[in-house]
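Q: I have the model open and want to go through a few spots in it. Can you take my questions one at a time?

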Amino acid sequence: MTMTRRNFIKTSAIAGGILAGPSAAHKGININTRTAGSKGLKLSFRPYELHARHQFTISGFSRNVQTSILTEISYDGVTGYGEAPLPPYMEGQTPATASAFMKKVDLGQFRDPLELDDILTYLEGVDAGHTGAKAGIDIALHDLAGKLIGRPLYQIWGYTRSKTPDTTMTIGIDSEDVVRKKTEEAAPFNLIKVKLGMDEATDKMLIETVRSVTDKPITIDANQGWRDKHYALDMIHWLKERGVILIEQPLPKDVWDDMAWLTEKSPLPTIADESCQRLTDVPRLRGVFSGINIKLLKCTGLREANRMISMAEAFGMKLMIGCTMETSCGISAAAQLTPKMDYADLDGNFLISNDCFSGVKIVNGKITLNDRPGIGAEPIRS
Ligand code: MG
């Protein structure tokens, strides 16, 4: 049998576990359609380098580029899309480890993509860790299921579309001039998130610079940067007087007694981010923080995120959803959960200059879900 160019690309791309990418789609080479005779799910993926609009600095890291692994799962001519963003703070998770994990995943054994719970339980058991890669697969699978059902995920879960919150826009740690410029650029947003956790003079300069531009409410993320609970409490009182409404991860992630003390005394809600990775972390955060920051890349995706929502609600804890630099694919997936959120920090697609998806929008600062089935995002075919 003669191997056509199309079949050759199909075979080699699948064998390597890598998509040919949008350029192949331009040429009419569709590598994602199901091969004849196969009824299993087909997973493919490729790395995509995200370019930051501005160098982004938080307490501990600076970066201009970051890699996401874009995923696709196809079944019966329908394709679900997902994304595994891999920021540098993900302890041992790199594009290479995520790709190696995805190559081990055999979705071809599954015949019904709506049996999502069994598929994701299998995925969890393939190997420990790899939360970002698992999220990339979980999102694509949910997108596929939503498309097969013909409904957006928030509707399938029974969440109320109009209850989505405003999102914050994040200002990283930077010089006075850059912070002023970024604050001006954040004009379309109703809430500003400021990264703190440096020395006292720098932290106060950052707040006063933002305040010289706008009086919008501010949320704070110290990224574990404050080392002493008394210092942290003094800072929180100082910040409250300047219109701050929330404090994320003020202390190092494992100082439980000090954190419980701080939450009890704090006039503002405290939210666990680095202290809260997965569902199993939530019980010990009760009474230690006021709430949790859920991120799909930390908790392996939408299935576990919904379980964390239920548990935090049962404990009377506040809910926040966050992200990293990522495309509108990952952001739209996370946005499906936002009707349940008290706070949302879903600005990752605004932090990059090469978004290759079109999805959920921000309208007058508010996360605005659409009617598209699944995660509500599609690749941009330029
Ligand atoms: Mg954070």
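**Notes on the model**

Q: Where is K134 found?
A: K134 is in helix α5 (residues 131–149). Helices (H or I, at least four residues) and strands (E, at least two) are DSSP runs, numbered from the N terminus.

Q: What should I know about the numbers themselves?
A: This is a predicted model, in which local features need pLDDT of at least 70 and side-chain atom pairs count only at pLDDT 80 or more, while totals for chains, interfaces and linings use all residues. Residues are numbered from 1 along each chain as its sequence is written, and side-chain values use heavy atoms, with hydrogens and water left out.

Q: Back to K134: buried or exposed?
A: K134 is buried, at a relative accessible area of 0%. Buried means under 20% relative accessible area, exposed over 50%, and partly exposed in between (1.4 Å probe, protein chains only).

Q: What is K134 in contact with?
A: Neighbours within four places in sequence aside, K134 contacts F101, L123, E124, D127, A128, G129 and T300. Contact means heavy atoms within 4.5 Å.

Q: Next, the metal. Which residues are the protein donors of the magnesium ion?
A: D221 (OD), E248 (OE) and D273 (OD), at 2.0 to 2.2 Å from the magnesium ion. Donors are N, O and S atoms within 2.8 Å of the metal (3.2 Å for Na, K and Ca); water is not among the atoms, so sites may look incomplete.

Q: How are the donor residues spaced in sequence?
A: The spacing is D-x26-E-x24-D. D221 is in strand β6 (residues 218–221) and D273 in the loop between β8 (270–272) and α11 (282–285), so this pair ties together parts 52 residues apart in sequence. D221 and D273 are buried.

Q: What about the sheet: how many strands, and in which order?
A: It is an open sheet of 8 strands with parallel pairing, ordered β4-β5-β6-β7-β8-β9-β10-β11. β4 and β11 are at the edges with a single partner strand each, so one side of each has no neighbour in the sheet. Two strands pair if DSSP finds at least two bridges between them.

Q: How many bridges do β4 and β5 have?
A: β4 pairs with strand β5 (residues 191–195) over 4 bridges, in the parallel sense, and T170 is opposite K193 in β5. From β4 the chain passes through helix α7 (residues 176–185) to β5 in a right-handed β-α-β crossover. Right-handed means that, with the strands pointing away from the viewer, the path from the first strand over the helix to the second runs clockwise.

Q: Which way do the β4 side chains point?
A: T168 and T170 point one way from β4, M169 and I171 the other, and all are buried. In a regular strand, side chains alternate between the two faces of the sheet.

Q: New topic: how many aromatic pairs are there?
A: A search of the whole structure gives 5. Rings of Phe, Tyr and Trp (its six-membered ring) pair if their centres lie within 6.5 Å; planes under 30 degrees apart are stacked, over 60 edge-to-face, and the rest tilted. One of the pairs is Y81 with F357, edge-to-face at 5.7 Å centre to centre and 70 degrees between the planes. Y81 is in strand β3 and F357 in strand β12 (residues 357–358), so the pair ties together parts 276 residues apart in sequence. Both Y81 and F357 are buried.
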